[in-house]
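Here is a short briefing on one structure. Please look over the sequence and the model before reading on.

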Amino acid sequence: MNWFKNNFVMIEMVMAMAFAVIVFSAFFNIMDSLNRTNKVYRAEARAVLVLDNTLERLEAEKAPDSKRLATILKEELTGGGLASDNKITHEIELKNGKCRLTIYRDAGKNRKRKLAEVVLPCTK
């Protein structure tokens, strides 16, 4: 009887280890989720900076055409570190004398998540 009062029983040790596993598992799942969210928001911030730099470079030109626009955008994507990410794509759409620049991130299952977009006047 005295032995039970002063020492741990094996069931108590097993329960303590199981509780520790549950706590560590929850912690690492939360950390993984935060890392994935951080990666998405960093890509979104980079996409906005890429489009901002593209607009700044286009301000120096009088009437940028879509070919020059595509060249500048590709250079800025490379400089911003987004060109090496195979989940990042971009699209240039011409409609009624306006160019729509959009940067997407692959969201899985044939879906795209729009990271940044800008519409500006341009020539063909």
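Which side chain does a polar contact join to that of Arg113? The partner is Glu44, at 3.3 Å. A polar contact is a pair of N or O atoms within 3.5 Å; within protein, one must be able to donate a hydrogen and the other to accept it, and residues adjacent in sequence count only if both atoms are side-chain atoms.

This is a predicted model: local features need pLDDT of at least 70, side-chain atom pairs count only at pLDDT 80 or more, and totals for chains, interfaces and linings use all residues. Residues are numbered from 1 along each chain as its sequence is written, and side-chain values use heavy atoms, without hydrogens and water.

**Arg113**
- Arg113 sits in strand S3 (residues 111-121); strands are DSSP runs of E, at least two residues, numbered from the N terminus.
- Arg113 is partly exposed, with a relative accessible area of 31% (buried is under 20%, exposed over 50%, partly exposed in between; 1.4 Å probe, protein chains only).
- Beyond its neighbours within four places in sequence, Arg113 is in contact with Val40, Glu44, Ile103, Tyr104, Arg105 and Ala107 (contact means heavy atoms within 4.5 Å).
- Met10 lies 103 residues from Arg113 in sequence and 52 Å away in space, C-alpha to C-alpha.

**Helices H2 and H3**
- H2 (residues 10-59) packs with H3 (residues 66-79) at about 135°, with axes 9 Å apart; helices are DSSP runs of H or I, at least four residues.
- The axes are lines fitted to C-alpha atoms over the stretch in contact, and angles run from 0 to 180 degrees between N-to-C directions.
- Among the H2 residues that meet H3 are Val50 and Leu58.
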